[in-house]
Amino acid sequence: PAVIFQCRGVADVKAALGAARAAGVAVAVRSQGHGADGASAGVDGGAVIDLSHDRAVFVDVATKTAKLSGGCTLGDLDLEAAAHDLAAVHGVVAQTGVGLYLHGGVGYLQHRYGLAVDQVLGAQVVLADGTVVEARGDNDHAELFYALRGAGSSFGIVTRLDLQLYDTPRMVGGFFGCCVDSGDDEADVAVAVAAMQLARDALEREEAAGERRTFGMVMLNRLPPGHPQAGKRAICFSVGAIVDDGFDESAALKLLKPFVDFAEAHGGVVIGAVPAVTTFVKFNLTFKPLIASLPPDIKTYWRGFLMRKANDDFLKAAAMTWHRRPMCAAPSFFAFELHGGGAGAVHGKRVATGGGKYDDHCVASLRDGLFSVGLLASIWVKKTR
């Protein structure tokens, strides 16, 4: 971009937008730059309105709500909410900016409370002409409010979000993995399929019983640089369970034990830590070291989609393509996220995501490093559908 405006409030945003409009240049908006599409980086000769220095969070304990500036991270929100024994529904990476709330948002509490977008109560928005409006479901800007919640961030610059919070859950959880790189391709693929089946079937049983307590993710990746087995293929689990008066910590540990047993049966845990009693804030930091270790100039191809059902044919296709990935793609991964119907857990809310019930969500990322990486990445992901 030709210029980056580092804004610290609505007045700064209005001034920056006015200057860009007067110059006739394209404008991009950056919260924390987590978006994989790179849109927040702007275009050559354009302007970037950078909100990353505006990170205020205000919690209203009486109403269990929060008001947060457009540059906040999910970690900022977590810490402030936790100070009042409250928690927010959002994603799984603490460094993510709150722009996530404009695009859906899947995370650890959605199986009980719905998507992150379901928690948005209102927004302060600077429109293209510099007008500042309050968008809520019960005022003159209800259509804008609807559009913001899931249809993307092209309707204005959101300088403040108002969110619903909840009582902080007690929980048990952990992120851990085993190395699955025996040299026997067929056997390794079978192990990867079995790992995803284990997670899928566990959440299906819980859903059938009317419970919304467990969340899980299976990552097919490679062990990171610095690990004794760096570059080797690995299967990692990020699993947890909500604890309450009718379901104590020992019951939660028992519920998650099959995942630990699976890792132990396939060479043992070689990365991370097995499930233990933890806090919501701490568990939300699970991926922070991994994200922080990635090069700042990393180029990725992302493809994500929601499915109503992940059958065995899909799981096998995913495992086979994971196993064929080139060694240079160490930061790449295939993430199989199990939501147990969480995307439809909150009914009757008009959101731009459609309000459908989805059980499984898969995300894939491939790092550059080979010639024609875009084509390679596209082929790799599309074959898993």
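## F237 and its surroundings

In this predicted model, F237 touches G174, F175, F176, A195, M217, V218, F259 and F262, when residues up to four places away in sequence are not counted.

## The nonpolar cores

F237 also belongs to the largest nonpolar core, which has 36 residues, and it is listed with M196, V218, L220, I235 and F336 as having the most contacts inside that core. At least two residues of this core come from each of the strands β11 (170–179), β12 (214–222), β13 (233–243) and β16 (333–338), and likewise from each of the helices α5 (185–208), α6 (249–265) and α9 (312–323). Of these elements, α5 gives the most, with eight residues.

Another core lies apart from this one; it has 27 residues, and L77, A81, V133 and L163 are among them.

## The β1-β3-β2 sheet

Elsewhere in the chain, three strands form an open sheet with parallel pairing, in the order β1-β3-β2. Its edge strands are β1 (3–6) and β2 (27–30), each of which pairs on one side only. On average, and with direction ignored, neighbouring strands of the sheet are turned by 20° against each other.

Between β1 and β3 (residues 47–50), which run parallel, there are four bridges, and the bridge partner of Q6 in β3 is D50.

## The helix across the sheet

Helix α1, which covers residues 10–23, lies across β1, β2 and β3, and the helix runs at about 175° to β3.

Notes. Residues numbered from 1 in each chain as written. Predicted model: local features only at pLDDT ≥ 70, side-chain atom pairs only at ≥ 80, totals over all residues. Heavy atoms only, no water. Core = buried A, V, L, I, M, F, W, Y, C linked by side-chain atoms within 4.5 Å. Buried < 20%, exposed > 50% of the residue type's maximum accessible area, 1.4 Å probe, protein only. Contact = heavy atoms within 4.5 Å. Pairing = 2+ DSSP bridges. Axes fitted to C-alpha atoms, helices over the stretch in contact; angles between N-to-C directions.
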